[in-house]
Amino acid sequence: MVNLDEEVQSGDWAAEKHVPSIEIVSKEDNKVDVKVMVGKEIPHPNTTAHYIEWINLFFHPEGAKFPYQVGRAEFLVHGASTDGADTSTIYCEPVAWFTFKTEVSGLLYAISMCNIHGLWRGEETLEL
Ligand code: FE
């Protein structure tokens, strides 16, 4: 059986460029705004050959049996150019915003996918 602790790598987002960082930007009236990104401290390459494919954000409320998937961001453009000219080439940055309401505190965690270096996770406690 697959060992998810080995399969989904982790670390300190400030030292490892693949670990998604989770920033709780505001939590007024139990409405939580969260910014999730890969490469906050050490930028991850965003090239045609090497890029972040997606980030999923989960929330596990205190006392809940299972987590909720809050949302998912997909980064679909990695060097596309409609006319072949370098001037119009587009690259996605792996940044996403999520907003949700909750009555309880819990654990936020994000899982991201690099097309070369696989799955990575990061987490942040949400205290209301
Ligand atoms: Fe990578």
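Is Phe 100 buried or exposed, and at what relative accessibility?

Modeller: The model is a predicted one. Phe 100 counts as buried, because its relative accessibility is 13% and the cut-off for buried is under 20%. A search of the whole structure finds 2 aromatic pairs. In one of them, the rings of Phe 58 and Tyr 109 have centres 5.2 Å apart and planes at 15 degrees, so this pair is stacked, the limit for that class being under 30 degrees. Phe 58 belongs to strand S4 and Tyr 109 to strand S9, so that distant parts of the chain, 51 residues apart, are linked by the pair. Phe 58 is buried at 16% relative accessibility, whereas Tyr 109, at 22%, counts as partly exposed.

Phe 100 itself pairs with Phe 59: the ring centres lie 5.3 Å apart and the planes meet at 45 degrees, so the pair is tilted. This pair also links distant parts of the chain, with Phe 59 in strand S4 and Phe 100 in strand S8 (residues 95-101), 41 residues apart. Phe 59 has a relative accessibility of 4% and is therefore buried, and Phe 100 is likewise buried at 13%.

Strand S4 spans residues 52-61, and the loop between strand S3 (31-38) and strand S4 holds His 50, one of the protein donors of the iron ion. His 50 counts as buried at 12% relative accessibility.

Conventions:
Residues numbered from 1 in each chain as written. Predicted model: local features only at pLDDT ≥ 70, side-chain atom pairs only at ≥ 80, totals over all residues. Heavy atoms only, no water. Donors = N, O, S within 2.8 Å, 3.2 Å for Na, K, Ca; no water. Helix = DSSP H or I, 4+ residues; strand = E, 2+ residues; numbered from the N terminus. Buried < 20%, exposed > 50% of the residue type's maximum accessible area, 1.4 Å probe, protein only. Phe/Tyr/Trp six-rings, centres within 6.5 Å; stacked < 30°, edge-to-face > 60°.
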